[in-house]
Amino acid sequence: MKKLNVQKLVGIAMLAAVVVVLQFIGNYIKFGDVSISLVLLPIVVGAALYGPVAGAILGGVFGAIIVAGYLSGAVDGLWLANPVATTVVCFIKGCAAGYFSGLVFKLFSRKNTSSGRVVGSYAAAITCPIVNTGIFLIAMFTIFKPQLIEFAGGTNAFYFAFIGLAGVNFLIELAVNIILAPVIVGIVNAIKGNRRK
C-alpha cells in the first residue's frame, strides 16, 4: 500500500511538472489575444489515472502557474481590474476541470473493463475543457462583465465572449484532449498492467 501511495505521489508530481512546462509553452502559442491551454491534457491523464482529487491538484497547479505569470508582470485586463477575483477564478476553474474529469472517468469506468476505461477517458477528455471554459465564461458574464463589455469594444459582448475569447481556444483544447488523452491513458494503463504481472 505504501509503495502504491509513493508511486501515485511520484506520478502526480511528474504530471504537475508537465503542467508547468506546457503552461509556459502555451503562453507563446496564441490565436489573436487568447493563449491556448495545452495543460488540460496532463490534468485529464492525472484525473483518470489517480482520481478526482489528483485532477483537482493538477488543476490547482495550472491555476497557480497562471497567477504566478500575472505576479511576474504579465499584463492582463482581468488581473488589472480585480486581481483577487482573477486569482480565485483561475484556481476554481483549474481545480474544477480536473476534479470533474476524474469523477466522469470514474463514473464511466466503474466496471473496470477495457471499453469502460476507453469511454471514461473520452468523457473525461471532453469534460475538462467544457468545465474550464464554462467557468471562465460564467465569470466573464458575472464578475468581469464591465471588462467584457470594454473588451468587446461596442460589439456584441455575448458573441465576443463565445467567439473572440473562448471559441478557438476551447475547440483546440477539446480536439487535443479527445485525440491524445485516451491514447496516453491507454499507454499508462498498459504499462501499469505489465508491472503487476
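Colleague: Where is the place of Leu71?
Modeller: Leu71 sits in helix H3, residues 52-71. Helices here are DSSP runs of H or I with at least four residues, strands are runs of E with at least two, and both are numbered from the N terminus. This is a predicted model, where local features need pLDDT of at least 70, side-chain atom pairs count only at pLDDT 80 or more, and totals for chains, interfaces and linings use all residues. Residues are numbered from 1 along each chain as its sequence is written, and side-chain values use heavy atoms, with hydrogens and water left out.

Colleague: And does Leu71 count as buried or exposed?
Modeller: Exposed, because its relative accessibility is 63%. The cut-offs are under 20% relative accessible area for buried, over 50% for exposed, and partly exposed in between (1.4 Å probe, protein chains only).

Colleague: Switching topic: how many aromatic pairs does the count come to?
Modeller: Five. The rule takes rings of Phe, Tyr and Trp (its six-membered ring) with centres within 6.5 Å; planes under 30 degrees apart are stacked, over 60 edge-to-face, and the rest tilted.

Colleague: Why is the pair of Tyr70 and Trp79 stacked?
Modeller: The ring centres of Tyr70 and Trp79 are 5.0 Å apart and the planes are at 20°, so they count as stacked. Both Tyr70 and Trp79 are buried.

Colleague: Which residues do ring pairs link into a cluster?
Modeller: Phe141, Phe158 and Phe162.

Colleague: Next up, cysteines. How many disulfides does a search of the whole structure find?
Modeller: Zero, taking a disulfide as a pair of cysteine sulfur atoms within 2.5 Å. Cys90 is buried at 5% relative accessible area, and Cys128 is buried at 0%.

Colleague: What makes up the nonpolar surface patch?
Modeller: Val21, Phe24, Ile25, Tyr28 and Ile29, covering about 520 Å². Patch residues have over 30% relative accessible area and no salt bridge; like charges are joined within 9 Å, and nonpolar side chains (Val, Leu, Ile, Met, Phe, Trp, Tyr) within 5 Å. A salt bridge means a side-chain nitrogen of Lys or Arg within 4 Å of a carboxyl oxygen of Asp or Glu. The areas come from the Shrake-Rupley method with a 1.4 Å probe, and for residues only the protein chains shown count as cover.

Colleague: Where does Ile29 lie?
Modeller: Ile29 is in the loop between helix H1 (2-26) and strand E1 (30-31). Ile29 is partly exposed, because its relative accessible area is 33%.

Colleague: Last one: where is confidence lowest, and where highest?
Modeller: Lowest in strand E2 (residues 34-35), at a mean of 62, and highest in helix H5 (residues 83-108), at 95. Those values are pLDDT, the predictor's confidence in each residue, from 0 to 100. The protein averages 85, and 88% of the residues score at least 70.
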